[in-house]
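Please walk through this structure with me, one region at a time. Keep the 3D view open and follow the residues as they come up.

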Amino acid sequence: MKSLESIKAPLVIKSISYVSLLIFTIVVVFLFLPWRQTVTGQGKVTVFSPMQRPQSINSQIDARIKKWHVVEGQYVSRGDLLLELDEVKPKYLDKDQLKRLKGQQQALAQKKAATQRLITSLENQIHSLTDLQNAAVPNADLKIKQSSDKLRANKQKYIAAEQNYKTASLNFDRRKQLFDKGLSSQRDFELAEQKFIKTQSEFEAAKADLDIADRDIKMAEFDFSKVSAETSLKIQEAEAKLAQSFEKLAGINSDIYKLDIQTANFESRVLQRMIYAPVDGQVVRLKALGQAEIIKAGKELAVIAPDTSDQAVELYISDVFIPLISIGRDVRLQFSGWPALQFSGFPSVAIGTFAGQVAAIDASSKDNQYRILVKPSHEHIEAGDELEWPKPELLRPGTKTLGWIILDEVPLWYELWRVLNGFPPTILESAKQKLPKIK
């Protein structure tokens with residue numbers, strides 16, 4: 001019994017053994033606890049919408065500063081006058097230039113109206129000459145037809161008179177021969193002579209009528225050709241004048257367009273002498289200050305920060321970890337000036353951090369750093385699970401930010417093994433989660 005009592009372990013050794021066993025058990029259990037992998041990135045607060053980010057106000061013309069109507073830090077509304085400019089280019093120094101341009105426009109408008117009236121008059125003249133030419137055709141055709149009918153009638157009359165004349169001539173010659181021989185009486189000879197003279201007269205008259213009818217038809221055809229030629233010539237002259245008038249009108253329209261462009265450009269330039277606030281916001285900086293300072297077109301005059309509630313954070317992530325990040329991933333954010341405590345593997349117990357979600361990932365890198373944009377996690381904020389981000393008045397664009405992108409859940413032993421081997425975080429098939437879509 002004394003021997004058995006002599007080999008018993010001292011109480012201190014037992015205590016150490018029990019404690020070691022307990023620690024070993026706790027460590028083994030702890031190794032199988034779930035662990036959230038994270039990727040850390042640094043960045044700053046920004047505005048997600050490009051239309052709501054701080055904007056530069058530039059001069060659109062070469063000019064000289066006349067008067068500033070705002071000071072740095074002043075809040076302005078859209079359309080408020082910020083700055084007045086004066087012209088420096090000689091061709092815009094004439095104060096009555098716009099009035100003169102308007103006068104030139106009125107003169108060209110009157111010239112255009114006169115040309116249009118001339119065109120209308122020439123068109124009416126051409127229509128009248130065309131109607132006259134068209135009316136002359138049926139009249140000439142009727143006159144030619146009447147002359148042709150008269151010619152045919154006179155021709156028939158001429159043929160009949162010619163036949164009678166020939167018959168009377170033969171009869172006269174026969175009677176004369178008989179009278180000379182004493183075989184015919186004086187009375188028969190005289191009657192034959194009278195009939196011969198009568199038929200001769202009728203033949204000559206018929207021939208004269210035929211010549212007159214032939215001359216009439218030639219005159220009718222000549223008159224028709226003359227009227228047609230004269231009207232065609234007048235129509236051609238009127239059409240030539242009309243073409244010249246259209247050419248003149250086109251030149252006037254071209255001058256009007258050029259003058260309209262000059263007037264519009266001048267009016268636009270007059271408006272560009274006044275610089276107005278493009279959005280509601282705060283004037284952050286004034287770049288051109290001195291009165292009478294000459295500025296070039298495109299020079300930055302001021303910077304204005306729009307009044308917006310749109311918030312986002314841009315974080316820069318190494319190219320080693322960017323393949324692990326996808327749109328919709330949860331992010332924990334710590335803003336400069338807001339104390340926070342973040343447990344990398346246990347984001348649920350973080351204190352003082354704010355919830356976000358990955359909204360965009362740049363496709364290209366700068367110095368092996370990719371930029372990602374993080375928006376507030378509105379679903380969790382509206383559900384009351386997360387704190388709302390600080391107001392834009394407190395969380396201004398440019399505030400430094402530290403972010404932890406939440407990856408997948410793995411056992412603690414796997415994370416220790418990964419860190420000891422220097423491996424990057426991995427996405428396990430069994431641990432993949434369905435990521436929400438960013439709206």
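R371 and E314 are both buried. Their side chains meet in a salt bridge, with 2.9 Å from N to O. R371 lies in strand β13 and E314 in strand β10 (residues 312–318), so the pair ties together parts that are 57 residues apart in sequence. Salt bridges with shared partners join K44, E314, D362 and R371 into one network. Keep in mind that this is a predicted model.

How many salt bridges does the count come to? The count comes to ten. Another of them is between the side chains of R273 and E87, at 3.1 Å from N to O. R273 lies in the loop between α4 and β6 (274–276), while E87 is in strand β5 (residues 81–87), so this pair ties together parts that are 186 residues apart in sequence. Are these two residues buried or exposed? R273 has a relative accessible area of 18%. The cut-off for buried is under 20%, so R273 counts as buried. E87 is buried as well, at 6% relative accessibility.

Look at the surroundings of R273 next. Leaving aside neighbours within four places in sequence, R273 is in contact with I61, L83, E84, L85, E87, Y92 and F266. E87 is on that list, and the side chains of R273 and E87 are also joined by a polar contact of 3.1 Å.

Now turn to K287 and E300. Their side chains meet in a salt bridge of 2.7 Å, N to O. This pair links distant parts of the chain, 13 residues apart. K287 sits in the loop between β7 (281–286) and β8 (294–295), and E300 in strand β9 (residues 300–306). K287 is partly exposed, at 37% relative accessibility. E300 is partly exposed too, with a relative accessible area of 24%. Contrast that with R371 and E314, which are both buried.

Next, the nonpolar interior. In soluble globular proteins, nonpolar side chains tend to be buried together. Here, the largest nonpolar core has 21 residues. Which residues have the most contacts inside it? They are L315 and I405. Several elements give two or more residues to this core: β1 (34–46), β10, β11 (330–335), β12, β13 and β14 (400–411). Two of these elements have already come up: β13 holds R371, and β10 holds E314.

I405 is worth a look in the viewer. Not counting residues up to four places away in sequence, I405 touches Q37, T38, V39, L315, I317, I325, R329, D330, V331 and I372. L315 is therefore among the contacts of I405, with contact taken as heavy atoms within 4.5 Å.

Move on to helix α4, which spans residues 186–272. S245 is in this helix. S245 is buried, with a relative accessible area of 6%. What does S245 contact, leaving aside its neighbours within four places in sequence? The partners are T115, L118, I119 and L122.

Helix α2 (residues 11–31) gives a view of the surface, and I23 is in this helix. I23 is partly exposed, with a relative accessible area of 48%. Together with V19 and V27, I23 forms a nonpolar patch on the surface. The three residues have about 250 Å² of accessible area together.

Finish at the loop between β12 (354–361) and β13 (369–376), where D367 lies. D367 is not a glycine, yet its phi is positive, at about 55 degrees. D367 is exposed, with a relative accessible area of 68%. N368 has its place in the loop between β12 and β13 too. Its phi is near 65 degrees, again a positive value in a residue other than glycine.

How values were computed
Residues are numbered from 1 along each chain as its sequence is written. This is a predicted model: local features need pLDDT of at least 70, side-chain atom pairs count only at pLDDT 80 or more; totals for chains, interfaces and linings use all residues. Side-chain values use heavy atoms; hydrogens and water are left out. Patches are made of residues with over 30% relative accessible area and no salt bridge: like charges are joined within 9 Å, nonpolar side chains (Val, Leu, Ile, Met, Phe, Trp, Tyr) within 5 Å. Accessible areas come from the Shrake-Rupley method with a 1.4 Å probe; for residues, only the protein chains shown count as cover. A salt bridge is a side-chain nitrogen of Lys or Arg within 4 Å of a carboxyl oxygen of Asp or Glu. Helices (H or I, at least four residues) and strands (E, at least two) are DSSP runs, numbered from the N terminus. Buried means under 20% relative accessible area, exposed over 50%, partly exposed in between (1.4 Å probe, protein chains only). A polar contact is a pair of N or O atoms within 3.5 Å; within protein, one must be able to donate a hydrogen and the other to accept it, and residues adjacent in sequence count only if both atoms are side-chain atoms. A nonpolar core is a set of buried Ala, Val, Leu, Ile, Met, Phe, Trp, Tyr and Cys residues joined through side-chain atoms within 4.5 Å.
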